[in-house]
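Please look through the sequence and the 3D structure shown here before reading on. The explanation that comes after them is meant to be followed with the structure in view.

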Amino acid sequence: MKKEMKIAIVGLGVIGNVHAEALALQGKDIYAVCDMDPDRLLAFPNALHFTDYETMLREAKPDVVHICTPHYLHAPMIISALEKDIHVLSEKPLCIRREDIDHILAAAASSKAQLGVCQQNRYLPSNLFVKKYLEGKRCPVGYGTMVWERSDAYYASGPWRGKWETEGGGTLINQALHTMDILQWMLGMPKTVAASVSNLHHGPAVEVEDNAICMFGGDAQFTLLATTGAGADYPVEIILNAEDEVIRILNDTVYIGEKAMSFKSDAPLLGKNCYGIGHSLLIADFYDCIQSGRHFPIDGEEAAKVIRMILACYKSKGKRIPIE
Ligand SMILES: NC(=O)c1ccc[n+]([C@@H]2O[C@H](COP(=O)([O-])OP(=O)(O)OC[C@H]3O[C@@H](n4cnc5c(N)ncnc54)[C@H](O)[C@@H]3O)[C@@H](O)[C@H]2O)c1
């Protein structure tokens with residue numbers, strides 16, 4: 001019989017509640033919850049309550065912790081749990097500073113626990129189909145567009161949003177990370193980038209960028225156009241050239257040339273439409289990995305790739321530079 005795991009969540013805002021809902025749908029009990037705002041704990045009457053993360057790790061001794069806090073807290077919270085051999089499923093981004101990547105990878109290497117990161121679009125059936133379809137094919141060119149709206153009210157909804165110190169960036173590290181991750185997952189890790197980021201829409205209310213053009217170079221060349229300054233959320237589009245075919249991914253439809261294929265799934269859509277259905281699929285796979293001993297595919301190394309790309313975009317300032 002499988003041992004019942006003690007599951008904890010830290011950060012009970014928008015996405016912490018998505019994780020809680022996914023766990024509930026999968027019949028998993030939440031053993032402990034932590035949020036610095038004590039009112040947010042009240043929605044979890046059957047769990048142990050904490051307002052301090054370290055106290056929760058020490059006293060509740062969970063087997064798994066879901067990290068759903070603001071970006072700047074991910075690295076220290078991931079490292080602290082891994083040092084205690086507690087499995088970690090962290091929300092994206094893995095971290096917001098280059099030096100944190102090395103610290104997290106070192107902690108993961110010496111931990112008995114697994115680290116997984118929520119880059120859930122890798123679990124969308126349409127993306128999984130294309131990833132497999134591309135195996136063995138030469139796929140040298142592609143692009144992705146993400147045109148979304150994030151209002152001033154969105155940026156005002158959390159004190160950490162819209163600031164370099166706590167969010168680590170804007171459109172790229174928060175929203176377009178997913179599209180950039182899928183492009184590199186399908187086409188390969190780029191070696192260089194020339195990027196331009198700017199704040200064209202939100203003005204002084206938001207420190208970070210709300211627009212980006214990123215032109216990646218290497219064995220495959222691909223471009224990402226992203227904005228959170230649009231008037232509405234439009235579907236993300238990815239187009240790839242694979243040998244003599246053009247492949248287009250639009251939501252759950254994949255077009256190969258003129259042929260359209262639908263990849264609808266029964267997985268529940270939790271939270272906003274733009275999160276997709278990937279969270280519950282990814283969370284189920286993470287637990288399957290822990291229970292079976294299989295290595296979770298989106299580990300620290302894998303999640304660090306898109307962070308290296310994003311940090312290089314911020315550094316580029318229009319010049320082509322290496323991705324380190
Ligand atoms: N994968 C996705 O598609 C997706 C979607 C949305 C959000 N996210 C990510 O989830 C994370 C959280 O985003 P959100 O929108 O839920 O933010 P949020 O502001 O709604 O929630 C953050 C929560 O963390 C709590 N918190 C802050 N500091 C804390 C601390 N020191 N200890 C304990 N709790 C603390 C806050 O009180 C708040 O309840 C971010 O990394 C974000 O990028 C991912």
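The paragraphs below go from the domains to the sheet, and then to the helices.

The model is a predicted one, and it is divided into domain 1, residues 7-120, and domain 2, which is made of residues 122-265 together with residues 300-322. Taken over C-alpha atoms, the centres of domain 1 and domain 2 are 25 Å apart, and the contact between the two takes 18 residues from domain 1 and 18 residues from domain 2. On the side of domain 1 that touches domain 2, the elements that give two or more residues are α4 (98-109) and β6 (115-118), and α4 gives the most, with five residues.

Strands of a sheet pair through backbone hydrogen bonds, and the pairing may be parallel or antiparallel. Here nine strands form an open sheet with mixed pairing, and their order is β14-β13-β12-β11-β7-β10-β9-β8-β15. Because β14 (259-262) and β15 (320-322) stand at the edges with a single partner strand each, one side of each is left without a neighbour in the sheet. From one strand to the next, the twist averages 15 degrees.

Two pairs of strands can be followed residue by residue. Strand β9 (residues 211-217) pairs with strand β10 (residues 221-227) in the antiparallel sense over six bridges, and F216 has F222 in β10 as its bridge partner. Strand β13 (residues 253-256) is also antiparallel to its partner β14, with which it pairs over four bridges, and I256 stands opposite K259 in β14. β13 and β14 form a hairpin with two residues between them, and in the turn G257 has a positive phi of about 60 degrees.

Which strands does helix α8 touch where it packs on the sheet? Helix α8 (residues 171-187) touches β7 (141-147), β8 (192-198), β9, β10 and β11 (237-242), and its direction makes about 160 degrees with that of β10. Helix α10 (residues 300-316), for its part, lies across β8, β9 and β15 and runs at about 65 degrees to β8.

Two packed helices are described by the angle between their axes and by the distance between those axes. For α8 and α10, the axes come within 9 Å and cross at roughly 120 degrees, and the two helices are therefore oblique to each other. Their crossing is right-handed. In this contact, L172, I173, L177, M180, D181 and Q184 of α8 meet K305, V306, M309, I310 and C313 of α10, and the residues involved divide into eight nonpolar, one polar and two charged.

A second pair of helices can be read in the same way. The axes of helix α3 (residues 74-83) and α4 come within 9 Å and cross at roughly 15 degrees, which makes α3 roughly parallel to α4. The crossing of α3 and α4 is left-handed. From α3, the residues A75, I78, I79, L82 and E83 meet D100, H103, I104, A107 and A108 in α4, and the residues of this contact comprise seven nonpolar, one polar and two charged.

Technical notes
Residues numbered from 1 in each chain as written. Predicted model: local features only at pLDDT ≥ 70, side-chain atom pairs only at ≥ 80, totals over all residues. Domains from an automatic or database assignment. Contact = placed C-beta atoms within 7 Å. Pairing = 2+ DSSP bridges. Axes fitted to C-alpha atoms, helices over the stretch in contact; angles between N-to-C directions. Parallel < 35°, antiparallel > 145°, perpendicular 65-115°, else oblique. Left-handed = near helix turned anticlockwise from the far one by under 90°. Nonpolar A, V, L, I, M, F, W, Y, C, P; charged D, E, K, R; others polar.
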